[in-house]
Amino acid sequence: MEVLSVLNLGDIAQVFSKMGMFPVFDLAYYIVSILYLKYEPGSVEVSRRSPVASWLCAMLYCFGSYILADVMLGGSPIDYFQYNSHILLASAVWYLLFYCPMNLFYKCVAFLPVKLVLVALKEVVRTRKIAAGVHHAHHAYHHGFFIMVIVGYVKGSGVALISNFEQLLRGVWRPETNEILSMSFPTKASLYGAILFTLQEAQWLPVSKSTLILAFTLFMATSKVVMTARHSHGSPFALIESWVCHLLFGSALGGPEEDHHHPPAPSSSPLKTKEELGDGTRKRKAKKAE
């Protein structure tokens, strides 16, 4: 009890929830987001061939969640571009990552220890965006709990939900990469986080918003740092999701679909039997002898 009183976790959570995100945390968010853009196949070639298209893709990676959420709530899709300092900061990061001589900036931020710090800072911003999205939707639709979840989910997912549109700007069309069809860990976590913050906003979750922000941030930052350090694309939710989906839907999440009505079609090119192979060999030998 004395340790808890000294730590005073409530005050720590309150201070943490009121910390400003600009410029340090936002800078980390922009660096990691555009770094992931550079990892995309063909993105470097696009930056050489069409800098404007590359810049638009970078802005979508940084501000795609704000654009989509504003559209959903009846706002202008370019509303966030009024914040000049954020646009200039993100543009500077884009320029350094793609055009810095000898790729020096890229090599610095892609260095694993530095990247792990940036990834952790990015998750701080993600959690704030989810909480802000739910709070914004709560003011617009006071009892629209599904709307709160959707807006918070969109705010946290970033460009993932409009990745196919972003790919079109780079001249790529890969519909199989739709995030709804194959959700990554950050997208799933954003959905679960939006549900938690909606429950808290509706006063159905007996915890303060500042405490929830701190706890969810610690979970997200720890998970992403571990996954990045291990170069893992798995999900901490995989075991629970597999069990729940098997219980409710009869199959594991993302598992292969089973056809219970039609027998498997025979192969169009069945393997030859040993007898057929032997007959073919004898025929070739006979031809050679002739």
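## Terms and basis of the model

Ala, Val, Leu, Ile, Met, Phe, Trp, Tyr, Cys and Pro count here as nonpolar, Asp, Glu, Lys and Arg as charged, and the others, Gly among them, as polar. The model is predicted, with local features needing pLDDT of at least 70 and side-chain atom pairs counted only at pLDDT 80 or more, while totals for chains, interfaces and linings use all residues. Residues are numbered from 1 along each chain as its sequence is written, and side-chain values use heavy atoms, with hydrogens and water left out.

## Overall fold

The chain contains 14 helices and 0 strands, where helices (H or I, at least four residues) and strands (E, at least two) are DSSP runs numbered from the N terminus. Of its 290 residues, 38% are buried, a term that means under 20% relative accessible area, with exposed being over 50% and partly exposed in between (1.4 Å probe, protein chains only).

Among contacts (heavy atoms within 4.5 Å) with a separation of 6 or more, 71% join residues 24 or more positions apart.

## The nonpolar core

A nonpolar core is a set of buried Ala, Val, Leu, Ile, Met, Phe, Trp, Tyr and Cys residues joined through side-chain atoms within 4.5 Å. The largest one has 56 residues, and those with the most contacts inside it are Tyr30, Ile34, Phe63, Leu97 and Phe197. Helices that each supply at least two residues of this core include H3 (24–39), H5 (51–72) and H8 (112–140), and the largest share, 10 residues, comes from H5.

Leaving aside residues up to four places away in sequence, Phe197 touches Thr127, Ile130, Ala131, Val134, Lys209, Leu212, Ile213 and Phe216.

## Pocket and cavity

Both kinds of space are found on a 1 Å grid over the protein atoms alone: a cavity is a set of points where a 1.4 Å probe fits but cannot get out, a pocket is an open set with protein on both sides within 12 Å along at least five of seven lines, and lining residues have an atom within 4 Å of a point. The largest pocket has a volume of about 1200 Å³, and of its 38 lining residues the closest to its centre are Tyr36, Ser184, Pro186, Lys224 and His233. This lining divides into 12 nonpolar, 16 polar and 10 charged residues.

The structure also holds 1 cavity of 30 Å³ or more. The largest cavity, with a volume of about 40 Å³, has among its lining residues Tyr30 and Phe63, which also belong to the residues with the most contacts inside the largest core. By class, the cavity lining has 7 nonpolar, 1 polar and 2 charged residues.

Notes: Points joined across faces, edges and corners; volume = space filled by probe spheres on them.
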